[in-house]
Amino acid sequence: MPSDMSLEQFFARLWDDYTAMTPQASRIHDALVADGETIVNDHVAFRTFDRGPLRLADLEPHLLALGYTRLEPYDFEAKKLRAWGYLPPRADQPRVFLSELKCRELSAPAQEIIDELVGQIDPARIASPEVLWAGRLWETPTWGEYRTLAEESEYAAWLSIIGLRANHFTISVNHLRRHDSLEKLLARVESLGLSINASGGRIKGSPEVLLEQASTLADRMPFTFSGGRVEEIPTCYYEFARRYPDAEGRLYQGFVAASADRIFESTDARPDHAG
Ligand code: NI
């Protein structure tokens, strides 16, 4: 990768792409700034397939070249995902959460659809860090292909049409002054007319596990599938995280798998508002 891309430039480009897909993120960000808050990102998250040239292992070198270091791996058995958390070179920069779908655990028809998509990727695109906001690197799937994937993995269906870009940015509640609890922040977000992902409760995690998280429900936009069918689909969402110090007084740096498991559902086609 070109070494001339600073981390600030990297996240500025990533943010521009993300807010174009996620207008609610700009609204929340701007409302908090108007409230006098300074926004610091706790982490950003990416999704990918463990097939073709854009596996986690293919994308990780871009993070390492930007100064990131591996923290620890995570496994999400029910959602058929594995992931790594990465620490930034400076404490005021976002952590990164990179997950990939374990394609082998899907049915043969679903794997065939994914192989068809990733088979279209130009491997040269993977060589630049810009691949992390490249979006879809294959032709648009059909509605039928999308539904086949969605029946087995909402993550796979989402990735098939949205492609590679920030799935979410995450505001660090630790750095907010007025909205210094998750509930205060969620109330402010709801005052903008936006919905919170209630799957597993509005707030996932607890001070006991050293991390509390919450998120909006993903924005939605009309999408034209191959063949011309237009359907409204979920794009990306905004997340909020509050970290607590461990017994030694050090701020917890990891991710909590049980909480992330429910946060993934923020992009489900039919999110469960009642959960
Ligand atoms: Ni997250």
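Is Leu210 buried or exposed, and what is its relative accessible area? Leu210 is buried, with a relative accessible area of 18%; buried means under 20% relative accessible area, exposed over 50% and partly exposed in between, with a 1.4 Å probe and protein chains only. The views below come from a predicted model, in which local features need pLDDT of at least 70, side-chain atom pairs count only at pLDDT 80 or more, and totals for chains, interfaces and linings use all residues. Residues are numbered from 1 along each chain as its sequence is written, and side-chain values use heavy atoms, with hydrogens and water left out.

**View A. Leu210 and Lys80, with positive phi.** Leu210, which is not a glycine, has a positive phi of about 70°. Leu210 lies in the loop between strand S6 (204-206) and strand S7 (211-215). Lys80 also has a positive phi, near 60°, and is found in the loop between strand S2 (69-76) and strand S3 (81-87). For context, most residues other than glycine have a negative phi. Strands (E, at least two residues) and helices (H or I, at least four) are DSSP runs numbered from the N terminus.

View B. The donors are His43 (NE2), His168 (NE2), Glu239 (OE) and Glu239 (OE), lying 2.1 to 2.6 Å from the nickel ion. Donors are N, O and S atoms within 2.8 Å of the metal (3.2 Å for Na, K and Ca); water is not among the atoms, so sites may look incomplete. The 4 donor atoms subtend angles of 51 to 122°, so the arrangement is irregular. Four donors count as tetrahedral if all angles lie between 85 and 135 degrees; four count as square planar and six as octahedral if opposite donors are over 155 degrees apart and all others between 65 and 115; anything else is irregular. Along the chain, the donors follow the spacing H-x124-H-x70-E. His168 in strand S5 (residues 168-172) and Glu239 in strand S10 (residues 237-243) link distant parts of the chain, 71 residues apart. His168 counts as buried at 6% relative accessibility, and Glu239 counts as buried at 1%.

View C. A search of the whole structure finds 20 aromatic pairs. Rings of Phe, Tyr and Trp (its six-membered ring) pair if their centres lie within 6.5 Å; planes under 30 degrees apart count as stacked, over 60 as edge-to-face and the rest as tilted. One of the pairs is Phe49 and Trp138, tilted at 45° between the planes and 6.0 Å centre to centre. Both Phe49 and Trp138 are buried. The rings of Tyr238 and Phe240 are tilted too, because their planes are at 50°, with centres 5.8 Å apart. Tyr74, Phe76, Phe97, Tyr155, Phe255 and Phe264 form one aromatic cluster.

**View D. Arginine ends over rings.** The charged end of Arg70 sits over the ring of Trp84, 3.9 Å from its centre. The charged end of Arg243 sits over the ring of Phe255, 5.5 Å from its centre. A charge sits over a ring if NZ of Lys or CZ of Arg is within 6 Å of the ring centre and within 35 degrees of the ring normal.

**View E. Ser259 in helix H8.** Ser259 belongs to helix H8 (residues 257-263) and counts as buried at 3% relative accessibility. Leaving aside neighbours within four places in sequence, Ser259 is in contact (heavy atoms within 4.5 Å) with Lys204, Gly205 and Gln213. A polar atom of the Ser259 side chain lies 3.3 Å from the backbone nitrogen of Gly205.

Definitions and conventions: Polar contact = N/O pair within 3.5 Å; in protein donor to acceptor, adjacent residues only side chain to side chain.
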